[in-house]
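Please look over the sequence and the model, then follow each turn in order.

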Amino acid sequence: MVNEATIVCDLSGSMMECGKRYAMNTALRTIDQYYQMLNPDAEIKLLGWGDEIEYLQWMSGDDFPEKLLDCHGSSGVDTLIKELGDYLDAPVLILSDGYWDDRDNEFESWAKSHDDGYVRVVLLGADANRRLDAPYVFTAENILAALEEFGD
């Protein structure tokens, strides 16, 4: 069980469609409750990912920031990797529909460069990018499986 984790929320324009913003809030509430039950002292950092990365003020058990409903622009993998770096301080869970700007296919290489369980992607929405297929990619329905051995 991790003591610290970073949750990255995709805030690009494609997240406005098909109720994905609300699915993201449901996924976040599930993650929050999971950690409140199993490790209430875990430190969870929340980041918004769009044209830039924004650290969002939030404490476990609180309402989620309104910013999570403000989706526009695009999410670029290069922006994410630049912010998180090559050496992660904490495991990273990304909530997204999987449609991000990755012209050079950097994401897969970056994700694979970390220990198993250190990067997870949870795909949200009925129209989520099913071409993202790797051991670290989960559907929203399997979010609890994504949390198993996360960061171990």
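Q: In which sense do β2 and β3 pair?
A: In this predicted model, β2 and β3 form a hairpin with three residues between them. Within this pairing, Leu47 has Tyr55 of β3 as its bridge partner. The two strands are joined over four bridges, and the sense of their pairing is antiparallel.

Q: How many bridges join strand β1 to β2?
A: Strand β1 covers residues 4-10 and runs parallel to β2. The number of bridges that join β1 to β2 is seven.

Q: What is the handedness of the β-α-β crossover from β1 to β2?
A: β1 and β2 run parallel. Between them the chain passes through helix α1, residues 20-38. The crossover made in this way is right-handed.

Q: Which strand gives the most to the lining of the second largest pocket?
A: This pocket has a volume of about 230 Å³ and is lined by 13 residues, with Glu43, Ile44, Lys45, Trp58 and Met59 nearest its centre. By class, the lining holds eight nonpolar, two polar and three charged residues. At least two residues of the lining come from each of β2 (43-49) and β3 (53-56). With four residues, the strand that gives the most is β2.

Q: What is the volume of the largest pocket?
A: The residues that line the largest pocket include Trp100, Asp102, Phe107, Arg131 and Tyr136. Its lining is made up of five nonpolar, three polar and four charged residues. The space in this pocket is about 300 Å³.

Q: Is Val77 buried or exposed?
A: Val77 belongs to helix α2, which spans residues 77-84. Its relative accessibility is 0%. The cut-off for this class is under 20%, so Val77 counts as buried.

Q: Which residues are in contact with Val77, leaving aside its neighbours within four places in sequence?
A: Arg21 lies 56 residues from Val77 in sequence, and the two are 20 Å apart in space, C-alpha to C-alpha. Contact requires heavy atoms within 4.5 Å. With those neighbours left aside, the residues in contact with Val77 are Trp49, Trp100, Asp101, Asp102, Glu106 and Phe107.

Key: Residues are numbered from 1 along each chain as its sequence is written. This is a predicted model: local features need pLDDT of at least 70, side-chain atom pairs count only at pLDDT 80 or more; totals for chains, interfaces and linings use all residues. Side-chain values use heavy atoms; hydrogens and water are left out. On a 1 Å grid over the protein atoms alone, a cavity is a set of points where a 1.4 Å probe fits but cannot get out, and a pocket is an open set with protein on both sides within 12 Å along at least five of seven lines; lining residues have an atom within 4 Å of a point. Grid points are joined across faces, edges and corners, and a volume is the space filled by probe spheres set on the points. Ala, Val, Leu, Ile, Met, Phe, Trp, Tyr, Cys and Pro count as nonpolar, Asp, Glu, Lys and Arg as charged, and the others, Gly among them, as polar. Two strands pair if DSSP finds at least two bridges between them. A crossover is right-handed if, with the strands pointing away from the viewer, the path from the first strand over the helix to the second runs clockwise. Buried means under 20% relative accessible area, exposed over 50%, partly exposed in between (1.4 Å probe, protein chains only).
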